[in-house]
Each structure stands twice: as structure tokens, then as C-alpha cells.
Amino acid sequence: MGQTIKTQVLVLGGGVGGYSAAYRAADLGKEVTLVERYPTLGGVCLNVGCIPSKALLHVAQVINDAAGAGHVGLAFASPKIELDKVRAFKEQVVGKLTNGVSGMAKARNVQVVQGRGEFVDQHQVRVMHDGNETLVQFEQAIIAAGSRSVELPFIPHDDPRVWDSTRALELPEVPKRLLVIGGGIIVLEMATVYKALGSEITVVEFADQLIPAADKDLMAVYSKYNRERFEVLLSTKVTEVQAHEHALTVAFEGENAPKGTRDFDAVLVAVGRRPNGKSIGAEKAGVHVNEQGFVPVNEKMQTNVEHILAVGDVVGQPMLAHKASHEGHVAAEVAAGHKAVFAPRGIPSIAYTDPEIAWVGLTEKEARADGVEYRTAVFPWSASGRALGAGRGEGKTKLIYRKDNDQLLGAGIVGLNAGELLGELSLALEFGASIEDLALTIHAHPTLHETVGLAGELGAGTITDLPNPLAQTVR
């Protein structure tokens with residue numbers, strides 16, 4: 001027999017959504033127990049996702065900036081890459097943040113129990129760790145069980161040359177020829193890193209564009225900028241991977257598929273993530289889990305069992321840490337008896353590639369699918385003094401707004417530091433801003449965020465930095 005713990009709020013999963021829920025509930029006066037199967041808190045994002053990838057992307061940016069400085073009259077020698085030191089830098093960043101998260105648990109008196117948790121019934125979870133059992137009895141529970149990488153059945157996953165995103169972030173080596181299966185955000189970020197480190201990159205995507213969720217015009221800018229950096233095979237799929245001593249031999253089919261087979265030194269598979277809803281014994285608590293493994297919730301983050309809530313990847317798309325964090329706050333507040341709902345006007349998405357791609361709210365393709373009558377205002381960075389001064393005039397800032405009242409519906413940016421520029425537009429969207437609001441907001445000059453105001457001026461018909469399509473010129 002193991003020990004039994006009684007708690008007011010149990011949080012199952014210590015990722016961003018889980019620890020955000022746990023700490024918010026503790027701040028609201030609840031006694032909280034947090035169950036996490038791994039030795040460190042932070043989940044995929046902090047340990048094997050968002051944070052380590054950004055550390056490696058910083059390394060790639062330094063290399064790329066140096067290599068691309070020739071156009072301003074600067075020449076640098078090729079970098080000497082010491083992988084051990086690169087790994088150490090990444091681990092230092094991860095360690096500092098995960099230690100901070102653990103420290104906050106102690107400061108808030110949140111009890112952390114390590115192990116794999118499964119429901120026993122509607123008020124108990126069994127946690128197993130190294131053969132030891134802990135039974136946690138709770139009044140309310142918040143499921144934050146996260147997700148895992150999708151595996152393709154025809155790929156030899158026991159071969160060390162076949163990677164998922166976690167393995168790629170470990171920097172096991174820099175392969176000469178790297179095949180990347182999937183055209184999503186994490187794939188393109190890893191392609192950016194390994195290309196900078198010296199790999200030849202081939203990207204295979206079944207859809208007809210990279211990052212299918214993003215608008216085509218944004219991805220066109222990215223593709224044009226990177227057309228000589230990566231080989232990209234769209235409308236193509238991998239049908240077979242054979243492991244040989246000398247290489248991984250890959251067969252393709254599709255509209256742009258290469259003829260015959262191709263050899264690669266490593267293959268990175270990142271074709272999506274699957275929720276962990278079916279691996280926590282939810283049915284024993286009467287919690288509904290759908291066929292895909294998602295746990296449906298209402299706007300209060302409650303499951304069909306009112307005192308059991310859920311947040312993060314396990315409740316649905318988009319699978320993003322910042323979405324999970326806000327959902328965690330709502331779940332904790334509801335558990336504490338507060339009136340709270342999760343009802344954002346937009347959830348931002350960012351690809352930290354080169355150039356960065358960022359969007360929030362409705363995309364054009366979503367607006368068309370929903371039958372929304374909209375207009376766009378697009379400011380080209382070729383007319384931005386700040387962008388041209390940085391040698392990066394390829395970008396654009398796009399506003400999507402209602403045709404009838406000019407209210408902002410969404411926005412997309414592609415270019416240098418696009419992700420940082422998106423914050424203003426996320427706030428504008430949440431506040432229900434109009435095109436005129438953005439146009440009348442004085443932005444500092446010369447800046448990249450100035451392109452937001454200039455796009456607003458285009459939509460409002462007050463632009464003077466470009467020809468004004470709405471001008472009433474007297475002839």
C-alpha cells in the first residue's frame with residue numbers, strides 16, 4: 001500500500017497549462033496537488049519544445065546574420081561550430097526556466113507528486129512511480145495531460161537516424177543530408193537550425209503549401225526568401241523508409257515527387273501531435289474523451305463531469321503554450337468559484353523561422369470559408385525605412401477587417417521579428433479596434449511596428465507614404 005493524499009484541487013500534468021492552473025488556484029487560496037510524470041515541470045514547451053528550439057534558433061540567427069553581411073561590406077570567416085557548447089547553451093536556458101517553475105511551486109505550497117497519473121473514479125487519481133503508488137483524493141481536478149508526437153507506421157522508429165522533434169532538439173549530430181517530413185512550424189524551425197549548422201535540407205509536405213494554416217501570401221514571401229536554402233517538395237508524401245547501413249533510403253509519391261528513391265543521413269518526422277486524453281483513465285471518472293483523444297470542454301473549461309476541468313493540448317487546437325496558460329487561469333478561477341470563461345477574440349501563432357511568420361485572429365482563408373465580407377490592407381516592407389536599413393525589405397504587414405464597419409478581424413505579418421510585432425495587433429483585436437484606430441495611433445519612426453500604423457492608413461485612406469488607392473484627387 002502506498003500513501004494517500006487529500007487535496008482540494010488536483011492538477012494532472014505539469015506543463016504550461018498545468019502549472020499555470022495549479023499556481024493560479026493556489027493564489028486563490030486553494031490547496032493544490034500537481035502530478036507530473038517527468039522529473040522536471042514545464043512539459044513539452046519548456047523541456048523539449050518552445051524554449052530549447054528558440055535557443056537553437058538564436059544560434060542559427062547569429063550564423064545567418066554573419067553569413068549574410070556581405071551586402072553591407074562585411075566579411076566574416078566561416079564559424080567553428082562546437083556542438084557540445086551549443087547543447088550546453090540550450091540546456092542552460094532550459095534549466096534556468098524549469099528551475100524557476102519548480103521554485104514557484106514551493107513558494108506557493110503546491111505539492112508536486114512525480115509519476116504517471118490515472119483516474120480511479122470521479123474523486124481519486126492513482127499515481128505510479130518506480131513501482132510505488134500514491135492515491136490522490138480530490139474535490140476538483142484539472143486535466144492538463146498534453147499531447148505526443150504522431151508516429152508514421154512505415155518508418156523504422158528504432159533506428160537512431162529517425163528523429164522526432166525531441167530528438168532533433170538534442171542535436172545528436174549535424175547530418176549532411178536531412179529529410180524533414182511535414183511542413184508545419186516546428187519542422188521549419190528545425191530546418192532553419194540544421195541548415196545554419198551545415199545540413200542539406202529537403203522538406204516534404206503533403207499539402208500544397210508550407211504551414212497550411214497560414215495565408216498563402218505570407219508563405220509566398222517565406223518560400224521566395226528560402227528557395228535556395230531548402231529543397232521543398234509540396235503535394236508529396238513519403239511512402240517508404242528503408243534503413244541501410246550507409247543511409248536511410250526513402251521513396252516518395254505525389255505531384256512533385258522525385259523519381260526513384262533518395263538517400264538521407266537522418267529523417268525528422270514531425271507530422272502533428274496527438275492528445276493524451278485516452279491514456280489517463282478518464283472513462284473511470286465518467287469524463288468523455290472523443291475518438292481523437294481530445295477531452296471536450298465548455299467555455300468554463302469544464303468537462304461533462306462538472307468538478308473535473310481540462311486545459312491545453314488535450315482539449316483541442318491550437319496546441320500552443322500561451323493558449324494553455326490562459327485556459328489554465330480560467331480553469332483555476334472556475335474551480336475557486338469565480339465567474340470566468342475562455343473566450344478570446346484571437347490566439348496568436350508564430351513560426352520563428354527566417355523570416356518569421358505570424359498571424360492572429362481570422363486568416364483570409366478562414367474569412368472566406370466563413371462567408372465573412374472583408375477587406376485587406378497590406379503594407380510592403382519594401383517601403384519601410386527600418387526594414388530596408390536592416391537589409392530585410394522582403395516582408396509585409398497585412399490587416400484583415402470587416403467590409404461594413406472596418407473592425408479588425410485578423411492580421412498577418414511576415415518578416416524580421418514578425419512575432420514581436422504581433423503583440424500590438426493581438427491587443428488591438430482583443431479591444432475591438434478599427435482600421436482607423438490603428439491609423440491614428442502614432443508609431444515611432446523608423447520602426448518595424450510602424451508598418452502596422454501604415455497598413456492602417458492604407459485601409460483608412462490616409463496613407464502618404466505610398467500611393468493612396470482611396471484618394472480623391474482633383475484633376
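This dialogue walks through how to read several features of the structure above.

Reader: Before I look at any feature, what kind of model is this, and how are the residues numbered?

Author: This is a predicted model, in which local features need pLDDT of at least 70 and side-chain atom pairs count only at pLDDT 80 or more, while totals for chains, interfaces and linings use all residues. Residues are numbered from 1 along each chain as its sequence is written, and side-chain values use heavy atoms, with hydrogens and water left out.

Reader: How many helices and strands does the protein have?

Author: Helices (H or I, at least four residues) and strands (E, at least two) are DSSP runs, numbered from the N terminus. In this protein they come to 13 helices and 22 strands.

Reader: What does the radius of gyration say about the overall form?

Author: The radius is taken over C-alpha atoms, and the globule rule is 2.2 Å times the number of residues to the power 0.38. For 475 residues a compact globule would have a radius near 23 Å, and the protein, with 24 Å, agrees with that. Along the principal axes, its C-alpha atoms fill a box of roughly 85 × 60 × 40 Å.

Reader: Which strands pair with β6, and in which sense?

Author: Two strands pair if DSSP finds at least two bridges between them. Strand β1 (residues 3-12) pairs with β6 (residues 132-143) in the parallel sense over 9 bridges, and one of the partners is I143 in β6, which is bridged to L12. Strand β5 (residues 124-129) pairs with β6 in the antiparallel sense over 6 bridges, with R126 standing opposite L135. The hairpin of β5 and β6 has 2 residues between the strands, and there D130 takes a positive phi near 50°. Finally, β6 and strand β17 (residues 308-310) run parallel and are joined by 3 bridges, where A141 has I308 as its bridge partner.

Reader: Is T202 buried or exposed, and what is it in contact with?

Author: Buried means under 20% relative accessible area, exposed over 50%, and partly exposed in between (1.4 Å probe, protein chains only). T202, which lies in strand β10 (residues 200-204), has a relative accessible area of 5% and is therefore buried. Contact means heavy atoms within 4.5 Å; leaving aside neighbours within four places in sequence, the contacts of T202 include L178, V180, L233 and F264. Over the whole protein, buried residues make up 50% of the 475 residues.

Reader: How many disulfides are there?

Author: A disulfide is a covalent bond between the sulfur atoms of two cysteines. The rule used here asks for a pair of cysteine sulfur atoms within 2.5 Å, and by this rule the count is 0. As for individual cysteines, C45 is buried at 14% relative accessible area, whereas C50 counts as partly exposed at 30%.
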